[in-house]
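Please open the structure in a viewer and keep the selection tool at hand.

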Amino acid sequence: QVHLVESGGGLVEPGGSLRLSCAASGSIFGINTMGWYRQAPGKERELVATITSGDSPTVADSVKGRFDISRDNAKNTVYLQMDRLKLDDTAVYYCNLRQVVPLEGLQYHWGQGTQVTVSS
């Protein structure tokens, strides 16, 4: 079992910054990918950014240059630094961990979500 706990969401004005954190615990294997997805009202969940345990990031074009993803493998924690936030960034942000478990295959785990609201 894997447990993901997110923090750092909130209300911010356009142009402002927020930093999200997600700490993973439980049955975590050394090789995994952690990251963030978001879902705005009436829209499908979309990828924001992910990063492998080898520190290789993938960032969506919509946030490239504004958002930065990083991780601390010793703490099983992933961070999302969000700068120059826009109204369109308003969404529930979900932490995700995916890993290949021996004899079980690919697993996806999700956090409970944290609300990010960009509003003036």
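This is a predicted model: local features need pLDDT of at least 70, side-chain atom pairs count only at pLDDT 80 or more; totals for chains, interfaces and linings use all residues.

**First stop: the open sheet**

Please select strands E1, E3, E8 and E7. These strands form an open sheet of 4 strands, in the order E1-E3-E8-E7 and with antiparallel pairing. At the edges are strand E1 (2-7) and strand E7 (67-72), each of which pairs on one side only. From one strand to the next, the twist averages 15°. As a general point, the strands of a sheet pair through backbone hydrogen bonds, in either a parallel or an antiparallel sense.

**Second stop: strand E1 and its neighbour**

Keep E1 and E3 in view and hide the rest. The two strands pair in the antiparallel sense over 6 bridges. Select His 3 next: the bridge partner of His 3 in E3 is Ser 25. Further along, Glu 6 stands opposite Cys 22 in E3.

Which residues of E1 belong to the covered face, and which to the uncovered one? The covered face consists of Val 2, Leu 4 and Glu 6, whereas His 3, Val 5 and Ser 7 make up the uncovered face.

Now select Cys 22 and Cys 95 and display their side chains. The structure holds 1 disulfide, and these two residues form it, with their sulfur atoms 2.0 Å apart. The link of Cys 22 and Cys 95 is left-handed, with -85° about the S-S bond.

Are the two cysteines buried or exposed? Cys 22 is buried, with a relative accessible area of 0%. Cys 95 is likewise buried, and its relative accessible area is 0%.

Finally, turn to the surface and select Val 100, Leu 106, Tyr 108 and Trp 110. Together they form a nonpolar patch with about 430 Å² of accessible area. Which strand gives the most to this patch? The answer is strand E10 (residues 105-110), which gives 3 residues.

Select Leu 106 on its own to end the tour. This residue lies in strand E10 and is exposed, with a relative accessible area of 52%.

Terms used:
Residues are numbered from 1 along each chain as its sequence is written. Side-chain values use heavy atoms; hydrogens and water are left out. A disulfide is a pair of cysteine sulfur atoms within 2.5 Å. Buried means under 20% relative accessible area, exposed over 50%, partly exposed in between (1.4 Å probe, protein chains only). Patches are made of residues with over 30% relative accessible area and no salt bridge: like charges are joined within 9 Å, nonpolar side chains (Val, Leu, Ile, Met, Phe, Trp, Tyr) within 5 Å. Accessible areas come from the Shrake-Rupley method with a 1.4 Å probe; for residues, only the protein chains shown count as cover. A salt bridge is a side-chain nitrogen of Lys or Arg within 4 Å of a carboxyl oxygen of Asp or Glu. Two strands pair if DSSP finds at least two bridges between them. Axes are lines fitted to C-alpha atoms, for helices over the stretch in contact, and angles run from 0 to 180 degrees between N-to-C directions.
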